[in-house]
Amino acid sequence: MIANLQVLRGLAALLVVFHHSLTHFYIMGLDWPVFEVIARYGFMGVDVFFVISGVVMAISTEKIQPGQRSGLNFMKKRFLRIFMGYWPMLILAFGVVFMYSPERFNEINWLGSVLLISTRMNELLITPSWSLTYELLFYLLVGLTVLWQLKYHLFLLLAVLVFIKVNSMPFGESQFLDIVLSPFIFEFLFGYYLWKLRKPLLQRKFTLGVILILILGLICGVYFATENSTWRVFTFGLFAFAVVWLAISTEKKQLGRFYLYWMEIGNASYTLYLIHTIALLAFVGSGLRQWLVAHNLAMIGFWLMLGVVVLFSWGVYKVIEKPLYQWSVKVKNHHT
């Protein structure tokens, strides 16, 4: 794996954590403009994740021989990677919600939450899991290109269908089509083709142009508030593409100790992404947030809380997520 992408995964996860913790920051009466601006647009971490996933899928399939067996094995491995990390967090979320907010159970789409077939955040037990549905969809699409030896034809057809859907059917009319033909697919394709076409694209002469794309994408996304519109993928999505481009093009062979620490956060980024909203619920439900405010420890307590969430996520990754995934792969290989 490219070291810079692992670091970028960690940063993207932290952006999402900041974004979801901003409400608590305000409720605790805190004020720091720098953090507030970063957290306000922390949702961009998801766009970065999608582009990175596209790169990873291109790398993962680069040396795979097309065919039915390899295509099915690829999809099994990727689906195991998602669910073996997700289901333990779902069990934890069930316990925390049962303890602190049981009334939420009446709003939960249990099938959608367990099988990751819904992108409606308000009905999911782990709200950030909406993005995993798109991850699974792209894994499926890439797997089909391997299984059916379609190369790039499927993606070309898909891009056309997404364009037609966006311009002919309002969002919300069909949840199935909203997912299958989501504009978010373009963000995966940004990363996928960035790697596939890396020889002509990853040249230093393009650096200035990529930085310009990064700046314009961010400015347009912020100015036109595109986070909840189709244009998100062509503003914040292009920003994410440019960030990933820069990360790959500046990859280094020698890594310092501090850099390695960031890589560890990147390794645990999936767990951190899933677990942080559960931790925030416990932070409020346990009364800790109120206690910190009452004892004039709001600022230091807030940052300590985020630090504990990161460390706890790393521990869960080491003790649960990673071993469970490794075990599931061994079982799959044994039965293959």
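In this predicted model, a polar atom of the Ser328 side chain lies 2.7 Å from the backbone oxygen of Tyr325. Ser328 belongs to helix H16, which spans residues 298–335. With a relative accessible area of 6%, Ser328 is buried, because the cut-off for that class is under 20%. Leaving aside residues up to four places away in sequence, Ser328 touches Leu80 and Met84.

The C-alpha atom of Glu187 is separated by 8.4 Å from that of Val48, although the two residues are 139 residues apart along the chain. When residues up to four places away in sequence are not counted, the residues touched by Glu187 are Asp47, Phe50, Val51, Arg232, Val233 and Gly237.

The packing of two helix pairs is described next. Two packed helices are described by the angle between their axes and the distance between the axes.

| Helix pair | Residues | Angle | Axis distance |
|---|---|---|---|
| H1 and H12 | 3–27 and 236–249 | about 140° | 8 Å |
| H4 and H6 | 68–100 and 130–147 | about 165° | 7 Å |

For the pair with an angle of about 140°, the value makes H1 oblique to H12. H1 passes H12 in a right-handed crossing. On the H1 side, the contact is formed by Asn4, Leu5 and Leu8, while H12 contributes Val243, Val244, Ala247 and Ile248. Classified by residue type, the contact of H1 with H12 holds six nonpolar residues, one polar residue and no charged residues.

For the pair H4 and H6, the angle is about 165°. Because angles over 145 degrees fall in that class, H4 is roughly antiparallel to H6. The crossing of H4 and H6 is right-handed. H4 brings to the contact Gln68, Ser70, Gly71, Leu72, Phe74, Met75, Arg78, Phe79, Ile82, Phe83 and Tyr86. From H6, the contacting residues are Leu132, Glu135, Leu136, Tyr139, Leu140, Val142, Gly143, Leu144, Val146 and Leu147. By class, the contact of H4 with H6 comprises 15 nonpolar, four polar and two charged residues.

Definitions and conventions: Residues numbered from 1 in each chain as written. Predicted model: local features only at pLDDT ≥ 70, side-chain atom pairs only at ≥ 80, totals over all residues. Heavy atoms only, no water. Axes fitted to C-alpha atoms, helices over the stretch in contact; angles between N-to-C directions. Helix = DSSP H or I, 4+ residues; strand = E, 2+ residues; numbered from the N terminus. Parallel < 35°, antiparallel > 145°, perpendicular 65-115°, else oblique. Left-handed = near helix turned anticlockwise from the far one by under 90°. Contact = heavy atoms within 4.5 Å. Nonpolar A, V, L, I, M, F, W, Y, C, P; charged D, E, K, R; others polar. Buried < 20%, exposed > 50% of the residue type's maximum accessible area, 1.4 Å probe, protein only. Polar contact = N/O pair within 3.5 Å; in protein donor to acceptor, adjacent residues only side chain to side chain.
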